[in-house]
Amino acid sequence: MNFAIKAPDEAIEFIEVDKGQPLEFYQGAVGGRIEQHYLLTDDGSRIAFFCNEDGKSKNLPLNFPLYLGNEEHIPPEHRGKIYEYVVGTVIFTGNRIDKKGMVVGLSEEEIKSLEEHFSFSMVDMIRGYKVV
């Protein structure tokens, strides 16, 4: 399966892992207890990732911002704005769960979306120079 790891101040790295990784694999990748979130990419993809649940209280370094989408329930003036910052190392997985309840790897489309999304520098992302 294809996963991706993104550490603060580093380029995204795509890795191949065996299917059916235990909880400890994800905890080891992020350095502690995990929680799942979603990244909304420029092309509208929603990609799952795991991060350190205690990352902010541990003052882990800034990794990347999360943006609000363009859904109808979001006021127009807030769409596309930063609403949260992710800290510490994260691991991106596919959005689907298999029949055994295990996460699946990234699809080729998700890999392409991540490559494009992280082709900008953190400074550009935060300053809002990231244009769709």
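## Salt bridges in the model

A salt bridge is counted when a side-chain nitrogen of Lys or Arg lies within 4 Å of a carboxyl oxygen of Asp or Glu. By this rule the chain has 3 salt bridges. The structure is a predicted model, in which local features need pLDDT of at least 70 and side-chain atom pairs count only at pLDDT 80 or more, while totals for chains, interfaces and linings use all residues. Residues are numbered from 1 along each chain as its sequence is written, and side-chain values use heavy atoms, with hydrogens and water left out.

## Overall fold

The chain contains 3 helices and 7 strands; helices (H or I, at least four residues) and strands (E, at least two) are DSSP runs, numbered from the N terminus. Along the sequence their order is β-β-α-β-β-β-β-β-α-α. The radius of gyration is 15 Å, close to the 14 Å that the globule rule gives for 132 residues, so the chain is as compact as a globular protein of that length. This radius is taken over C-alpha atoms, and the globule rule is 2.2 Å times the number of residues to the power 0.38. The C-alpha trace spans about 40 × 30 × 25 Å along its principal axes.

Contact means heavy atoms within 4.5 Å. Among the contacts with a separation of 6 or more, 54% are between residues 24 or more positions apart.

## Arg33 and its two partners

Arg33 sits in the loop between helix H1 (23-30) and strand S3 (34-40), and Glu53 sits in the loop between strand S4 (46-52) and strand S5 (62-67). Their side chains form a salt bridge with an N to O distance of 3.7 Å. The two residues are 20 residues apart, and the pair links distant parts of the chain.

Both side chains belong to partly exposed residues: Glu53 has a relative accessible area of 37% and Arg33 one of 46%. Here buried means under 20% relative accessible area, exposed over 50%, and partly exposed in between (1.4 Å probe, protein chains only).

Arg33 also forms a salt bridge with Asp54, where the closest N and O atoms are 3.0 Å apart. Asp54 lies in the loop between S4 and S5 and Arg33 in the loop between H1 and S3, so this pair ties together parts that are 21 residues apart in sequence.

## Glu84 and Lys56

Glu84 and Lys56 form a salt bridge through their side chains, at 2.2 Å from N to O. Glu84 is in strand S6 (residues 82-87) and Lys56 is in the loop between S4 and S5, 28 residues apart. Glu84 is partly exposed at 33% relative accessibility, and Lys56 is partly exposed at 45%. As for shared partners, salt bridges join Arg33, Glu53 and Asp54 into one network.

## Surface and charge

Of the 132 residues, 39% count as buried. The accessible surface comes to about 7,800 Å², and 51% of it belongs to carbon and sulfur atoms. Such areas come from the Shrake-Rupley method with a 1.4 Å probe; for residues, only the protein chains shown count as cover.

The chain carries 14 positive and 22 negative charges, and their mean positions are 3 Å apart. Lys and Arg count as positive and Asp and Glu as negative, while His and the chain ends are not counted. The place of a charge is taken as NZ of Lys, CZ of Arg, CG of Asp or CD of Glu.

## Two loop residues with positive phi

Asp9 is a residue other than glycine with a positive phi, near 60°. Asp9 lies in the loop between strand S1 (2-6) and strand S2 (13-16), and is exposed at 77% relative accessible area.

Asn59, also not a glycine, has a positive phi near 55°. Asn59 is found in the loop between S4 and S5 and counts as exposed at 67% relative accessibility.
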